[in-house]
Amino acid sequence: MSTPDRPVPDAGDVAAPASPDAEVPAPPTPPEQLVLAGDFPPATRAQWRELVAGVLRRSGRDVAPEAVEDALRHPVATGVTVGPLYTAEDAGDLAARAGVPGRPPFVRGSRVGSGDPDVPAGWDVRQRHADPDVARTGEAVLADLENGVSSLWLVLGEGAVPVEALGRVLDGVLLDLAPVTLQGGVAAAEAFLDLVAGRTDLAPGSCLGLDPLGEQAATGRPQDLGGLAALARRAQAHPGLRSVVVDGTVFAGAGGSVVEELGCATAAGVAYLRALTDGGLTVDEAFGQLEFRLSASADQFTTIAALRAARRLWDRVGEASGASPAARAQRQHAVTSDVMVTRHDPWVNMLRTTVACFAAGVGGADVVTVQPFDAALGLPDAFARRIARNTQSLLVEEGSLARVLDPAGGSWYVESLTAALAEAAWAWFTEIERAGGLAAALDSGLVADRLAAAWADRERRLATRTDPVTGVSEFPDPAEVLPVRRPAPAPPSGGLPRVRAAAAFEELRDRVEAVEPRPAVYLATIGPAARHTARAGFAANLFAAGGLATPTGDGASGLAGTTVACICGTDRDYADRAAELAAELRAAGATQVWLAGSAEVEGVDGHLHTGCDALAVLTTVLSALIPDGRSRDFGPSDGQSHDFGRPDDDVEVRA
């Protein structure tokens, strides 16, 4: 059969077979040293800077060559920025100091290979369950274990799985094969210990999940660490059963960057070590009782570097505490971040959690939990749980991600970022220690203030969409129909706040969608479509992030039904017509007139362009369209021109 791009050759085109007696040519002699790009002159950093400076000049940014790297740096965590270029010069001997997998300082991983009994195949695939319906949870647990999940995370207590129903939920679970980690305090721990009393065959990797400092952070109620040692000694009767979880996700979920999360988690771990050793455990025994739970976000390289840095920090604590090298390896449970998930367009969460899971695996996590894509909407259904566990199965089984230990190791960028995060987190950890430890730092407000400052920095990037949330602040789907889910248990309250990156935009959108008919902003275009399409599209995308409809038309004739308009065209068209059109829109009833772009035009209230504060723009627009709405300190039209961002950063760049 022939195809258009692979025709069957004619008989005359087919070469005759070689004679069996023909001499076989000798294989080429390989070079003694293979030099990649050896035929090209070596490139220097100075040459790269010159070329980049030229590109920036053509885009309207006049930056000297020696300043281009600073101009292109961007923050990834408190006090940590990344540059556009990394070379061996930047990494120095960091790769050599990282050691090898399974050996101190454990930067490259806490295990040598998948022979670790705590990690059955690459990493432990753990699924979280918090449904108070005992029958549903029991069915979901078995379905997960039969289809790729290797361990369970059960949330027990008020609003979640009843503590007294633990035995029923675990009915049919082979506890010698499937590790179980609890979240529910002392009551849940004691219920599990009673359930497994007399057994010595529990699967390695189970954990009672005690985390009093995490509970103090979430609820604001002081906790007593005095009982930890007694429960840890009871856990020691079951080889492989740990008693304490150091939950760093509490601090990440309150707005902290990975620096705050790692510093707080290290401080919590040290506090637990003190409590356990004061209660009679040896240093090595105390280290063996701890498991760390850390967040994994869609910021792929920051997550990879953070997990590597966390192991380096904990090894340093162990070294200072006199723990043996083997005991200092940190057991890590990576959980896809609650902060990054969205309620609107939740399907995009599948992409976020896939990237986060990939990063967790590459970063060397021992256990990974992928939160279902509908987690922000309520309790996940069977489909969402299946997607969550299959995400891991695909990466491990089909992507072979676990076949290579620390594949990012040796990367100049990753090694440099790992070191920078470790140094910044260690500085924050020592600040907490100087304040009297984590419990005291929580009581004094030191931790809350630091987390609030970190979140304020992130909020600014979210508001200006320099840190975009796909499906919410960028490329929203106005016609979407959200899945309906049963309510999830209310999280603990009274302590640190719980934040989500999409929350502010989603709140505005919810307000708009509660109004009928849906409020709109009229896009008044100038000139032919070829000239105004880019800016009209940019404006429509921005207003849709707030749930607003955007009818489009020429001139002021289409304003009916709204009191807010946005003029869209080119700077050349603005010079000829924009001021006149703004006056016509005012005469037709517009109380706010915006301009897509940064041209100075008489009669407009503000400008939309790349880098503008989209959240402030939307709040201001809603103050006119929904009069009882909040205005975020920007009132309705007051005759002044508001500039929500950088005036030199024109929207035409985005187009």
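A residue is called buried if its relative accessible area is under 20%, exposed if over 50%, and partly exposed in between (1.4 Å probe, protein chains only). Cys-357 is buried, at 0%. Cys-264 is buried as well, with 0% relative accessibility.

This is a predicted model, in which local features need pLDDT of at least 70 and side-chain atom pairs count only at pLDDT 80 or more, while totals for chains, interfaces and linings use all residues. Residues are numbered from 1 along each chain as its sequence is written, and side-chain values use heavy atoms, leaving out hydrogens and water.

Stay with the cysteines. A disulfide is a pair of cysteine sulfur atoms within 2.5 Å. How many disulfides does this rule give? The count is zero. Take Cys-264: its closest cysteine sulfur belongs to Cys-207, 20 Å away, so the two are too far apart for a bond.

Now turn to helix H1, residues 45-58. Helices (H or I, at least four residues) and strands (E, at least two) are DSSP runs, numbered from the N terminus. The expected span of a helix is 1.5 Å times one less than its number of residues. Which residues of H1 are buried? They are Arg-45, Val-52, Ala-53, Gly-54 and Leu-56. An α-helix has 3.6 residues a turn, so residues three or four places apart point the same way. The cover over the buried residues of H1 includes helix H2 (68-71) and helix H3 (88-91). Just after H1, Gly-60 has a positive phi of about 95°.

Next comes strand S11, residues 522-525. In a regular strand the side chains alternate between the two faces of the sheet. In S11, both faces are covered: Tyr-522 and Ala-524 are buried on one side, Leu-523 and Thr-525 on the other.

Strands pair if DSSP finds at least two bridges between them. S11 runs parallel to strand S13 (residues 564-568), joined by four bridges. Here Thr-525 has Cys-568 as its bridge partner. S11 also pairs in the parallel sense with strand S12 (residues 552-554), over three bridges. There, Leu-523 is partnered by Thr-552.

Finally, look at Ala-590, in the loop between helix H21 (571-587) and strand S14 (592-596). Is Ala-590 buried or exposed? Ala-590 is buried, with a relative accessible area of 7%. Contact means heavy atoms within 4.5 Å. Beyond its neighbours within four places in sequence, Ala-590 is in contact with Leu-559, Thr-563 and Leu-585.
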